[in-house]
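Subject: Structure handover and notes

Hello,

The structure is handed over below, with its sequence. My notes come after it.

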Amino acid sequence: MIRHFAFVFLLFPAAAYAQPEDDIAGRLIGNGTAGQLDLPLLKSDLSVDIQGDMATVQVRQVFINPSDGPMSAEYLFPLNQKAAVYAMQMQVGDEVIEAQIQQKHEAEQTFEIAKQEGKAAALLTQHRPNMFTQNVANLMPGQPITVTLSYVQAVPKIDEAFELVLPLIVGPRYQGAVNFDQTSQGVELADFHSEEPVTSTVTEVDGWTVSELPQYPLVPRLTNPDTIEPARVSLNLNLRGAVPVSNLTSATHDLQVQETEGVISASFKHGRVIDNRDLVLRYVLGGDEATAGVLAHHDDRGGFVSVLVEPPKIPQSDQITARELVFVLDTSGSMGGAPLDASKRFMEAALKGLRPEDYFRVIRFSSGASEFASQAVPATRSNIQSGLRYVRSLRAGGGTEIDNAIRHAFATRQPADTLRIVVFLSDGYIGQESRVLRTIRQQIGDARIYAFGVGTAVNRYLLDAMAEEGRGYARYVDPTQHASDVADTLARDLKSPVLTDVSIDWGGLNVTEVVPQHIPDLFDGGSIRVMARYKGGGPADITINGLVQGRKAQMPLSTVLPTESGPESDTHQGTAIPLTWARSKIADLDRAMAVQAGDPRKIEAQITDLGLKFNLQTQFTSFVAVSKMVVNPDDAPTDTKPVALPQVAGVGPAAYPKTAFSGSSTPEPQTIFGLIMLMALGALRLNRGRRVSA
């Protein structure tokens, strides 16, 4: 059944609600085949406390029922993929409920029972490390429900500054409505062996516990840009550090910044903003901070240690290695307009910046993949000009078959004595991330993957993971904000790693469960936290080992680790260490499941155990909160209605769902032509059959 929605925005007095006037946006009404339906309203508030390179974030979500009857709400929203969600609280009237962490299926049962009993309830479900739904039961007229999530995360250092990303909206996801596997010009795909599917309840879709992504919510802006309240999100941020903190900036949002007594505070310049793009914050700590440091925490669960590693600041090597640069451009429907324009600008700078000893390929993909030459070509002036003409001719349309594109990138023979670098440009709007990561792990060899996200709310989980699997790095271009300058800078600086083959010699310290399991290479201006559990404690001599431009390098660290709980363990950073360690461990296990590296049942059990012991949201554990009071005493039916989302800034209508598949895009012209031909052949065959029968 196809529904057509028209949206009406009606203002009405805020006195009907127990909320301040500025918390009431209006009334959002959808007209469908079932008649008129009111949609739940939302306000979000972000409270961020950053100390050094550790952030604690509270996300306050206020759900409001604008109708005259009860309803249940479902809100699809993002969090940072590295966030360790450790608490959830629900407030209904004067009642405040601390959510409990339970196994996912138990939490779902708890929620459904509460819903049937007429109680208010909230259920948090993780679909991907960066994609969640909040379900709220028995949302009554005039009685808003407030849900507050708390999480911690380490803030990574990127290009000489610490960068915190606070995602505000989930972009559409292409699910692969049609099984495309198209290439052109006779290029054979690289050897690819799909394992037999493992029989398990957790591999229904690419190793995930969910059978499919949630249905994408209504996007009123596609029909009427004024139907979403333009002020849904507020920000209250405080930043402090043991060393001087400076240069708090955001290229994505206008901020009101104040500094008093060593604390930098920030809020949105105009109070509230619409949640149609991710918030990206950058700041600088000190001028000459050390290139490595140790933090530790000890409690009744044992000891936890965290080592921050940064590469040495040395000049680039004069030795020039010939490269094969494989540029892979996403030209699917969601890249239409500004994103594809930014990608073309990136490509123009990158191709013009090639060295004479380099080789290159240019692959475009959407539902299928093709390239301007069947194999790598030398970076001569004429070949670069041909490549530029090919790039300029590209148009957007079709689905987002990233897996086929990655296999296509490894399909040809690599020129001798070169380093293969796959430069991938996309918004990452797909739902089958694990298939892509599995392909990369099977085919990466000695190559590198540099992932460039193009968009205002891209799938950072996928693009970061692609770069990690490809031992490269990920960077992001906002096509609506000075994209040309950013694209030029990134394209001209395709970095080489400074510190490779990183390992840690823990000396006599008894450590277990080191994360990440595979320590990535480090690039100039970056950093990595390596964490572990330890027994004992006391004085410890730790050595960081690696290769700098092929030469052995070491950095010794001497520290004293706590042997029991104490004031030194109760600092803001100290108490966050066990949570961030557990979240990193879960991320390693999630990746192992995605690439089918281990028994999925054992991995599920490990993730579940970590979630329950450390009170963390995972794909197998969920927070659920239930009120004591019955808010729906008449047992009135409560249909679940989605919280409407705004259109992602810079993303056109072609990216949004038009079928039952989440995020499916408009088919390419050749696909439409093929479908028409199949229908015509079918009709012709049917007509012939009728003639024979006659």
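Predicted model: local features only at pLDDT ≥ 70, side-chain atom pairs only at ≥ 80, totals over all residues.

Residues are numbered from 1 along each chain as its sequence is written, and side-chain values use heavy atoms, with hydrogens and water left out.

Nonpolar cores

A nonpolar core here is a set of buried Ala, Val, Leu, Ile, Met, Phe, Trp, Tyr and Cys residues joined through side-chain atoms within 4.5 Å. Buried means under 20% relative accessible area, exposed over 50%, and partly exposed in between (1.4 Å probe, protein chains only). The largest core has 70 residues, and Phe63, Met88, Met90, Leu166, Leu237 and Tyr283 have the most contacts inside it. Strand E6 (residues 71–78) gives the most to this core, with five residues; helices (H or I, at least four residues) and strands (E, at least two) are DSSP runs numbered from the N terminus. Another core, of 35 residues, lies apart from it and includes Phe327, Val362, Val391 and Phe523.

Salt bridges

The whole structure contains 28 salt bridges, each defined as a side-chain nitrogen of Lys or Arg within 4 Å of a carboxyl oxygen of Asp or Glu. Aspartate 358 and arginine 323 form one of them, at 2.7 Å from N to O. Aspartate 358 is in the loop between helix H2 (338–352) and strand E24 (359–365), and arginine 323 is in strand E23 (residues 323–330), 35 residues apart. Aspartate 358 counts as buried because its relative accessibility is 0%; arginine 323 is also buried, at 11%.

Glutamate 469 pairs with arginine 591 at 3.0 Å, N to O. Glutamate 469 lies in helix H6 and arginine 591 in helix H8 (residues 572–594), so this bridge ties together parts 122 residues apart in sequence.

Helix H6 and after

In helix H6 (residues 460–469), nine of the 10 residues are buried, among them Arg460, Tyr461 and Glu469. Arginine 471 follows H6 and has a positive phi, near 50 degrees. Arginine 475, in strand E29 (residues 474–477), counts as buried because its relative accessibility is 11%.

Regards
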